[in-house]
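Morning, everyone. Please have the sequence and the model open while I talk. I'll take a few spots one by one.

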Amino acid sequence: MDTKELLKKVRKIEIKTRRLSDHVFGGEYHSTFKGRGMTFSEVRKYQFGDDVRNIDWNVTARYNEPFVKVFEEERELTLMLMVDISGSEFFGTQEQFKNEIITEIAATLAFSAMQNNDKIGLILFSDDIELFIPPKKGKSHVLRIIRELIEFKPKSNKTDISNALKFLSSVMKKKAIVFVLSDFIADNYRDTLKIAAKKHDVTGIRIYDKAEENIPNLGMVQMEDQETGELILVNTASKSVRNQYYSYHRERVNYFAESFTKSGAGALSSRVDESYVKKLLGYFKRR
């Protein structure tokens, strides 16, 4: 992709997602995610009912009467976007591929965080960490993130969500708001998710295509595994083959929902032909 085409794509996504974050998500994002802690503001005279643990003993000793420390909620937050860029994301039977929807959602969240004057970071992962952009503030930083989401080419087509969550825990020492965007056609990440969700405010956003839920009866079809590149002949006329595929898909969906719920993390699913705007707004309002 040449520079002119890339900038055009970045601009198109910026216009669309900026409008969403300005008019729809800004206030929702602000009210959903509270400050990560309390910061010291001032001291004042002790009043009946104040927490004795907040007494400032130095000031109390100086004035010979009790004074307490007053704290304010610290509003500045860090948003970490963890985006699966493995082979299965480059799939779509509708107007858009999964990775295009994921880019739009990530950009919308990034602009919402920017409005809130928060830092935004990015982890692109396959079965390895493909790219890590440490959290920073500002529009030029957000545009860089969008640029990487559009044009980054992964070295691997495979997925390892557990490995990505381990990396998150190693680089993010302070609590962050974390969105994991993937189709979650994977398992074995429940234990690492539990660890990450204890420290961070984690939400999994599962993006999927309608064609992934059921295989239609098309007779003998050659299919390619987008993560391994393997070509196999599949007899889609066989009911047992279609049932096996459906069961496999449901297992992955249930594993995703249960893993996030039991870890105390948030979860939502959106199909590529559905409105992710409604899904995200509904999720923010439920929290």
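Start with Glu148, which sits in helix 4, residues 139-151. A word on naming: helices (H or I, at least four residues) and strands (E, at least two) are DSSP runs, numbered from the N terminus.

Before going on, the ground rules. This is a predicted model, where local features need pLDDT of at least 70 and side-chain atom pairs count only at pLDDT 80 or more, while totals for chains, interfaces and linings use all residues. Residues are numbered from 1 along each chain as its sequence is written, and side-chain values use heavy atoms, with hydrogens and water left out.

Back to Glu148. Is it buried or exposed? Glu148 counts as buried, because its relative accessibility is 18%. The scale: buried is under 20% relative accessible area, exposed is over 50%, and partly exposed is in between, with a 1.4 Å probe and protein chains only. What does Glu148 touch? Leaving out residues up to four places away in sequence, Glu148 touches Leu122, Leu124, Leu131 and Ile133. Contact here means heavy atoms within 4.5 Å.

Next, Gly266. Find it in strand 10, residues 266-271. Gly266 is buried too, at a relative accessible area of 12%. Set aside neighbours within four places in sequence, and Gly266 contacts Val202, Thr203, Gly204, Phe260 and Tyr283. Now look at Ile205. It is 61 residues from Gly266 in sequence, yet the C-alpha to C-alpha distance is 8.6 Å.

Third, Pro216. This one is in a loop, between strand 7 (201-208) and strand 8 (220-224). Pro216 is partly exposed, since its relative accessibility is 48%. Beyond residues up to four places away in sequence, Pro216 touches Thr236 and Arg242. Ala237 is 21 residues from Pro216 in sequence and 8.2 Å from it in space, C-alpha to C-alpha.

Last, a helix pair. How do helix 3 and helix 8 pack? Helix 3 (residues 98-115) and helix 8 (residues 276-286) pack at about 45°, axes 11 Å apart. So helix 3 is oblique to helix 8. For the cut-offs, angles under 35 degrees are roughly parallel, over 145 roughly antiparallel, 65 to 115 roughly perpendicular, and the rest oblique. Axes are lines fitted to C-alpha atoms, for helices over the stretch in contact, and angles run from 0 to 180 degrees between N-to-C directions.

Which residues meet? From helix 3, Ile101, Glu104, Ile105, Thr108 and Leu109. From helix 8, Tyr276, Leu280 and Phe284.
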